[in-house]
Amino acid sequence: MGPSWSREGAEGVWPQDSRVPGGVARLSLGPSAQRPQVLAGDFPVLVVGDMIEWTAVVGIALSATPGEYSVRATGEGPARTLSYLVRDKKYTEQRLKVSPKTVDLSPEDNARYERERAHQQRIMELFTEPLPRPGDLHMRQPVPGRRSSSFGLRRVFNGQARNPHSGMDIAAPTGTDVVAPLPGRVVDVGDYFFNGGTVWLDHGGGLLSMYCHLSSVQCKNGDVLRTGDAFCKVGATGRVTGPHLHWGVMLNRSMVDPALFLST
Ligand SMILES: [Zn+2]
């Protein structure tokens, strides 16, 4: 059994625990001299803490159906299964009108999109060291501005249902500096069909973040950023209705709600 007390209070813990599709489950692993290894299915899970108390920080896919899930922890002593319950969350529907070319793709655009999706898949599989420390999971908002609460919206483009909205949109004028919310390494810079000008940052341990619709980029693959370093600028490239930053946060290959990593 882990300790019944915690050095972190219920407040001041990032990411917040929110066991819904697109949320995060924080699972206590108790004390051990070595960091336990945790798998969700075949995917490694971020484990933070120290020998007094380790915590698995598990991203929950937006496509997860409500019910019981589990992860497997190995380390000192016998392997353990930790279960958690994902509650239902009703995300609202958003109807958007965009250029028909970006909904009914031409064969050329569709082939481009498929190539880009395969490329992005390889980025999403990254699980690198060093792992973030517990205090490193409190993110800074990457641009000032009004945060929409559009994470998880079920989107209907020109009457056709598409993937849910898997990030946070922050309203800001074209040219506004975007800063790193945490220390990280640039692992992809590209110009993509839907996402437009895009940068991915790797924060270690399967925690990645993405920045889309950029007007320009001031970084390249391999650059190492500190919190607050400016590395790209807000724009309106890709499939958008106006300038804003689309900010995505990924944990164990699941896009989760960036708001869980921010102060309210
Ligand atoms: Zn967006």
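The model is predicted, and the values below are computed from its atoms. The zinc ion has protein donors in His 165, Asp 169 and His 246, while the count of salt bridges comes to 9 and the count of disulfides comes to 0.

**The zinc site**

- The protein donors of the zinc ion are the NE2 atom of His 165, an OD atom of Asp 169 and the ND1 atom of His 246, and they lie 2.1 Å from the ion.
- Along the chain, these donors follow the spacing H-x3-D-x76-H, and the pair of His 165 and His 246 links distant parts of the chain, being 81 residues apart.
- His 165 sits in the loop between strand S10 (160-161) and strand S11 (168-171), whereas His 246 belongs to strand S19, which covers residues 244-251.
- Are these two histidines buried or exposed? His 165 is buried because its relative accessible area is 5%, which falls under the 20% limit, and His 246 also counts as buried, with a relative accessibility of 9%.

**The sheet of S1, S5 and S4**

- Three strands make up an open sheet in the order S1-S5-S4, and their pairing is antiparallel.
- Strand S1 (24-30) and strand S4 (46-50) stand at the edges of this sheet, and because each has a single partner strand, one side of each is left without a neighbour in the sheet.
- On average, neighbouring strands of this sheet are turned by 25° against each other, when direction is ignored.
- Strand S4 is joined by 5 bridges to strand S5, which spans residues 53-59, and the two strands run antiparallel; within this pairing, Val 48 has Thr 55 in S5 as its bridge partner.

**Strands S8, S9 and S10**

- Strands S8 and S9 run parallel and are joined by 4 bridges, with Leu 96 standing opposite Phe 157 in S9.
- Strands S9 and S10, in turn, run antiparallel and are joined by 2 bridges, and here Phe 157 stands opposite Gln 160 in S10.
- S9 and S10 form a hairpin that has 2 residues between the strands, and Asn 158, which lies in the turn, has a positive phi of about 50°.

**Salt bridges**

- Arg 154 forms a salt bridge with Glu 93, and the closest N and O atoms of this pair are 3.8 Å apart.
- This pair links distant parts of the chain, since Arg 154 is in strand S9 and Glu 93 is in strand S8 (residues 93-96), with 61 residues from one to the other.
- Arg 154 counts as partly exposed at 46% relative accessibility, and Glu 93 is likewise partly exposed, with a relative accessible area of 41%.
- Asp 17 forms a salt bridge with Arg 19, in which the closest N and O atoms are 3.1 Å apart; Asp 17 is partly exposed at 39% relative accessibility, and Arg 19 is partly exposed at 23%.
- Arg 226 forms a salt bridge with Asp 229, with the closest N and O atoms 3.3 Å apart, and the two partners fall into separate classes, as Arg 226 counts as exposed at 61% relative accessibility while Asp 229 counts as buried at 19%.
- Salt bridges that share partners also join Glu 93, Arg 95 and Arg 154 into one network.

**Cysteines**

**Phe 127 in its loop**

- Phe 127 lies in the loop between helix H1 (107-124) and strand S9 (154-157), and this residue is partly exposed, with a relative accessible area of 32%.
- Leaving aside residues up to four places away in sequence, Phe 127 touches Pro 44, Val 45, Leu 46, Gly 205 and Gly 206.
- Phe 127 and Leu 46 are 81 residues apart in sequence, and from C-alpha to C-alpha they are 8.8 Å apart in space.

Methods
Residues are numbered from 1 along each chain as its sequence is written. This is a predicted model: local features need pLDDT of at least 70, side-chain atom pairs count only at pLDDT 80 or more; totals for chains, interfaces and linings use all residues. Side-chain values use heavy atoms; hydrogens and water are left out. Buried means under 20% relative accessible area, exposed over 50%, partly exposed in between (1.4 Å probe, protein chains only). Contact means heavy atoms within 4.5 Å. A salt bridge is a side-chain nitrogen of Lys or Arg within 4 Å of a carboxyl oxygen of Asp or Glu. Donors are N, O and S atoms within 2.8 Å of the metal (3.2 Å for Na, K and Ca); water is not among the atoms, so sites may look incomplete. Two strands pair if DSSP finds at least two bridges between them. Axes are lines fitted to C-alpha atoms, for helices over the stretch in contact, and angles run from 0 to 180 degrees between N-to-C directions. A disulfide is a pair of cysteine sulfur atoms within 2.5 Å.
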